[in-house]
Amino acid sequence: METENNVKKVMLSGIQPSGDLHLGNYLGAVKNWAALAEEFDCFYFMADLHTLTVRQDPKEFRRRATAQLAQYIACGLDPQKNTLFLQSHVHEHAELGWILNCYTMFGELSRMTQFKDKSAKNAENINGGLFTYPALMAADILLYQADYVPVGEDQRQHCELTRDVAIRFNNLYGETFKVPEAYIPKVGARIMSLSNPTSKMSKSDPTGCVFLMDTPEEIARKFKRAVTDSDTERCVRFDPENKPGVSNLMNIYASVTGRSFAGIEAEFDGKGYGTFKPAVGDAVAETLRPIREEAARMIADKVYLKDVYTEGAQRASAVARRTLRKVYKKVGLVEKPF
Ligand code: TYM
């Protein structure tokens, strides 16, 4: 997409390396990113600073950050066409994050559902970073003057807060930040857990979660055990209210095959859940097979991955630096002499 100056619009998104990527991350986010590379100037990163809000095993955390990069590339993100980097390698994120902390209100942060969910899950470690997390996320986005933020439904609230902070800052100091928009897919934006279809698929519930690196056998097993609904009808029909389990499976099937809900209902008419569940499992396993194989091959190639994230951080820094300098100047910090 080009503006009047013939400059591509900017897409930016990130995922926390808090676990291996799962089907929700893929269908809600990464799958949609690969197709955007020609039309937009794209920045995608591993949100490793955000991940520190929950305690991590340092060795495993380090492994996951580069494994996630390999998975990004295996999902079709070409490092020549997309800027791929680790958030912690571009120090401007932390710096702008601090500044934006001072322009984000306590009341706004208190309303964030991710904060409420994570504080409930980590009651022993409700740290300041968990609370101010959205200010850092706003910095991630605003540093690159992003036009669009491709995310799943659960990140809409953080994107709205980013807009509010950008508008507040612009009103105080004059046009500084592009006000971004969330870019949320119509299908796949909210994939639910296979073991509990009323809560979203997440790494913290591994039995209901399909990981990109799962083998086809593991995937088949998880789908066979997927919780369906206890209604007497037992037919494949899209009805998220009354049939959340089947509707979630339909959503997944629609996302991986590109079929419509009506088409899926017709395909499984009279066939029941016993046929439907393994069919969804097979379709997912076939979609993920080349991704898993390619990612596994790349994870072993540490030199290549290092080249990619080094170049990515250099490209990202060049853009981030310009915005940060502008912000420092606007708020009245004395210009750095060196
Ligand atoms: P995170 O790491 O929890 O999730 C990464 C992306 O995956 C999407 N997603 C889902 N989509 C559909 N169904 C699900 N069950 C599901 N679970 C996760 C998320 O919506 C997201 O797009 N705060 C962000 C990371 C972040 C970020 C950013 C994103 C940090 N800075 C700047 C965009 C821009 C997060 O925790 O996502």
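Ala, Val, Leu, Ile, Met, Phe, Trp, Tyr, Cys and Pro count as nonpolar, Asp, Glu, Lys and Arg as charged, and the others, Gly among them, as polar. The structure discussed here is a predicted model.

Q: Into how many nonpolar, polar and charged residues does the lining of the largest pocket divide?
A: The largest pocket has a volume of about 1200 Å³, and 46 residues line it. Elements that give two or more residues to this lining include β1 (10-15), α1 (23-34) and α7 (128-142). Sorted by kind, the lining residues are 16 nonpolar, 20 polar and 10 charged.

Q: Which residues lie nearest the centre of the largest pocket?
A: The lining of this pocket has 46 residues. Those nearest the centre are Gln-16, Gln-114, Asp-154, Gln-155 and Lys-200.

Q: Which element gives the most to the lining of the second largest pocket?
A: The second largest pocket has a volume of about 420 Å³. Its lining has 13 residues, with Leu-324, Arg-325, Tyr-328, Glu-335 and Lys-336 nearest the centre. The most, 5 residues, come from α13.

Q: How many residues in the lining of the second largest pocket are charged?
A: The lining is made up of 13 residues. Of these, 5 are nonpolar and 1 is polar, while the number charged is 7.

Q: Is Arg-163 buried, partly exposed or exposed?
A: Arg-163 lies in helix α8, which covers residues 156-173. Buried means under 20% relative accessible area and exposed means over 50%. Because the value for Arg-163 is 26%, this residue counts as partly exposed.

Q: Which residue has its backbone oxygen 2.8 Å from a polar side-chain atom of Arg-163?
A: Leaving aside neighbours within four places in sequence, Arg-163 is in contact with Val-179, Pro-180 and Glu-181. The backbone oxygen at 2.8 Å from a polar atom of the Arg-163 side chain belongs to Pro-180.

Conventions:
Residues are numbered from 1 along each chain as its sequence is written. This is a predicted model: local features need pLDDT of at least 70, side-chain atom pairs count only at pLDDT 80 or more; totals for chains, interfaces and linings use all residues. Side-chain values use heavy atoms; hydrogens and water are left out. Helices (H or I, at least four residues) and strands (E, at least two) are DSSP runs, numbered from the N terminus. Buried means under 20% relative accessible area, exposed over 50%, partly exposed in between (1.4 Å probe, protein chains only). Contact means heavy atoms within 4.5 Å. A polar contact is a pair of N or O atoms within 3.5 Å; within protein, one must be able to donate a hydrogen and the other to accept it, and residues adjacent in sequence count only if both atoms are side-chain atoms. On a 1 Å grid over the protein atoms alone, a cavity is a set of points where a 1.4 Å probe fits but cannot get out, and a pocket is an open set with protein on both sides within 12 Å along at least five of seven lines; lining residues have an atom within 4 Å of a point. Grid points are joined across faces, edges and corners, and a volume is the space filled by probe spheres set on the points.
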